[in-house]
Amino acid sequence: SRTLPGPDLFFATMSAGQAYGRKRQQLIVVSCYTRFDNLAHGPRGKQAKKSLYTFWMDTSDGQMVLLSVCEEPCMNPAFSRFHPRKNVLYTCTESVAEHGAIDSWEVDAKTGRLKKIGSCNAGGTSTCYITLDKACKNMLVVNYWNATIGVFGLNEETGAVASLRSLFDPNEGRKMKATSDKHVNHSNNDESAQKERQSDPHSHAVILDPFFGQIAYVPDLGMDLIRQFRYDGQEGKLAAAGTVSSGPPGRKALGPRYIEFHPTLPFCYVVNELASDVSVFQFDREAAEAIIAGDASQAKDAKPTLKIVQSVSTIPDAYPGELNTCGRICVHSSGDFVLVSNRGHDSITVFRVHNEPEYRGLLSVASTQHTRGATPRHFQFDSSGQWLITANQDSDSIGVFRFNLATGKLEWTGHEYEVPSPNFVCNVLPHQPDNAPKRSNL
């Protein structure tokens, strides 16, 4: 019998012009935990020997083929970001015992192979989030364990992370109460675990507002608030500009993890990891403009730029909250849905975003789907927004669902792949080189 070539051989035998003359190939990069003893939480799957797996996806049916497994050492890469204009992937490493590393990888668009082109000290421990500013001049990075937030310059030619430009410390030099060698398992969510997790600041993400690109938001899981900053891209600095509670007045043990803005509406969505809920905020443009126009030295007393308008649970009412923590939140590119992963309930809850004038930006549950695996730490859409890939950390698997763009329902495809302790899924759509032949319009 004749064996058909896989996509790696298929693309390898095509010329660059032929490959780019067809559809740009969809790559999916999955990162894995390679070491458990230095994490704040406790994975229950297999400890990976290799850290980064690159798949090719057939976007006609959602099937994937493994193209490449990274041979270069990289301990616990836990977050990835693909450069919007260069074939460069960034990863950051997670450890409570030592400073994280921000690694820069060149992506071979044809084979999926990753080649490390740079590495930079993250300036803090348990590095967990990466954001590039609009000009792609700087990278903003968050370190979960000691809560520091760094701004790093990028090499203009290669895109590699160059050096630390500034560092903000919410602890203001104070020693943390929890220590790297003695702490509660951050996978637990009972009252005692919550108390210890919230005894110190724990920055968990950093994003820039989509309107001006000059207000940075950092959810602090330990303090139940969203920190605001005035971001100066020219100087590479952050100036504290007030805080916003991550939930309704009087609520405690919220644990804000991630924040995402709507692509067109002046609303953003915060997932509270400990409380298993989503807070919906309306963006105050005037308050943001006042921070941007004001004196950076006076920004710390700035008014909140976010106003809470709704809080909605991510799990069924009768399901015990202590058995669940939330993972990722994502606003679909269509703007019609917000999705959240539940670790414990092992599901993805899909919320519909309302557009009626009196309910604009608010959420209602559209569907809830089991992820066919344990502990969906992360999930990601492909570039079309039609296929959703889940990273089931504790069952050592990733799975593919078809997303119904009309109803918001997730339909299981049956496509499941063994990957040890997957923690992050990155959508990589390689860019066409400037010298690649262009497609004819004929």
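This is a predicted model: local features need pLDDT of at least 70, side-chain atom pairs count only at pLDDT 80 or more; totals for chains, interfaces and linings use all residues.
A polar contact here is a pair of N or O atoms within 3.5 Å; within protein, one must be able to donate a hydrogen and the other to accept it, and residues adjacent in sequence count only if both atoms are side-chain atoms. Residues are numbered from 1 along each chain as its sequence is written, and side-chain values use heavy atoms, with hydrogens and water left out.

Q26 sits in strand β1 (residues 26–32); strands (E, at least two residues) and helices (H or I, at least four) are DSSP runs, numbered from the N terminus. At 3% relative accessibility, Q26 counts as buried, where buried means under 20% relative accessible area, exposed over 50% and partly exposed in between (1.4 Å probe, protein chains only). Its side chain reaches two partners:

| Partner of the Q26 side chain | Distance |
|---|---|
| N427, side chain | 2.6 Å |

L89 is one of the residues that touch the most other members of the largest nonpolar core, a group of 86 residues. Such a core is a set of buried Ala, Val, Leu, Ile, Met, Phe, Trp, Tyr and Cys residues joined through side-chain atoms within 4.5 Å. Strand β17 (residues 267–272) gives this core its largest share, five residues. Another core, of 16 residues, lies apart from it and includes I389 and V425.

Now to an open sheet of four strands, ordered β20-β21-β22-β23 with antiparallel pairing. β20 (325–331) and β23 (363–370) are the edge strands, each with a single partner, so one side of each has no neighbour in the sheet. Neighbouring strands are turned by 20° against each other on average, direction ignored. Strand β22 (residues 347–353) pairs with β23 over seven bridges, and R352 has S364 in β23 as its bridge partner. Two strands pair if DSSP finds at least two bridges between them.

V331 belongs to β20 and is buried, at 12% relative accessible area. Beyond four places in sequence, V331 touches E260, Y269 and F337, among others.

Notes
Axes are lines fitted to C-alpha atoms, for helices over the stretch in contact, and angles run from 0 to 180 degrees between N-to-C directions. Contact means heavy atoms within 4.5 Å.
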